[in-house]
Amino acid sequence: MTTRWRDHVGLLARVALGGVLVWAGALKLGNPLGSARAVQAYDVLPFEVAKYLGYGLPWLEVAVGALLVIGLLTRANALVGTLLMAAFVVGIAQAWARGLTIDCGCFGGGGQVAASETRYGSEIARDLALALCGLWLVVRPASTWSLDRVLFGTTKELQ
């Protein structure tokens, strides 16, 4: 059985999106209050909702990211990862459009910063690129070195 180039692209997409999600979530796990404050800084959700989202989001990022890295239930986890990236793009774009000067909180931190310290354009570009990785995996979840392949073989659903 030969490995196709698409399978290698799938591996790269899995590791990129999954790795970033694990990294971002893990950095926030040690500071749940900071994560909650980062979500609250966007000033979009009611305070309590933002607080609970800030507490739960790092766990979701780590879980989805880890499952992507090992390639288990790739299509479903890629869909969740893509939706997370889309939500992050919308959140950052609305903060930029409203003139907020906040750190995105993507890798810990978050909250108010000086206007010269915002990086909205590069953050949006990064999250769009990661969303494209996720979309690739939703359409073509088959990839090299995935647990899906070990457990389920190369079936039509994985192609």
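I took contact to mean heavy atoms within 4.5 Å, and I took helices (H or I, at least four residues) and strands (E, at least two) as DSSP runs numbered from the N terminus. The model is a predicted one, in which local features need pLDDT of at least 70 and side-chain atom pairs count only at pLDDT 80 or more, while totals for chains, interfaces and linings use all residues. Residues are numbered from 1 along each chain as its sequence is written, and side-chain values use heavy atoms, with hydrogens and water left out.

**Entry 1: helix 2 and helix 3**

I began with the contact between these two helices, where P32, L33, S35, A36, V39 and Q40 in helix 2 meet F47, A50, K51, L53, G54, Y55 and P58 in helix 3. I sorted the residues of this contact into nine nonpolar, three polar and one charged, counting Ala, Val, Leu, Ile, Met, Phe, Trp, Tyr, Cys and Pro as nonpolar, Asp, Glu, Lys and Arg as charged, and the others, Gly among them, as polar.

For the geometry I used axes that are lines fitted to C-alpha atoms, for helices over the stretch in contact, with angles running from 0 to 180 degrees between N-to-C directions. Helix 2 and helix 3 pack at about 130 degrees with their axes 7 Å apart, and they are therefore oblique to each other; angles under 35 degrees count as roughly parallel, over 145 as roughly antiparallel, 65 to 115 as roughly perpendicular and the rest as oblique. I noted a right-handed crossing where helix 2 passes helix 3; a crossing is left-handed if the near helix is turned anticlockwise from the far one by less than a right angle, and right-handed if clockwise.

**Entry 2: the cover over helix 2**

I next looked up burial, where buried means under 20% relative accessible area, exposed over 50%, and partly exposed in between (1.4 Å probe, protein chains only). Helix 2, residues 32-41, is mostly covered, with seven of its ten residues buried, and these are G34, S35, A36, A38, V39, Q40 and A41. Their cover includes helix 1, helix 3, strand 1 (102-103) and strand 2 (111-112). Just after helix 2, I found D43 with a positive phi of about 55 degrees.

**Entry 3: helix 3 and helix 4**

I found these two helices packed at an angle of about 140 degrees, with their axes 9 Å apart, and therefore oblique to each other. The crossing of helix 3 past helix 4 is left-handed. Helix 3 brings L57, L60, E61, V64, L67 and L68 to this contact, and helix 4 brings T74, N77, A78, V80, G81, L84 and F88.

In the loop between helix 3 and helix 4 I came to L73, a residue other than glycine whose phi is positive, near 55 degrees. L73 counts as partly exposed because its relative accessibility is 49%.

**Entry 4: the nonpolar cores**

I took a nonpolar core as a set of buried Ala, Val, Leu, Ile, Met, Phe, Trp, Tyr and Cys residues joined through side-chain atoms within 4.5 Å. The largest has 14 residues, of which L17, L21, L68, L84, M85, F88 and L137 touch the most other members. Two or more of its residues come from each of helix 1 (5-29), helix 3 (47-70), helix 4 (74-97) and helix 5 (120-139).

Leaving aside neighbours within four places in sequence, I found L17 in contact with L68, G81, M85, L130, C133 and G134. A second, separate core has eleven residues, including Y42, I92, A95 and L100.
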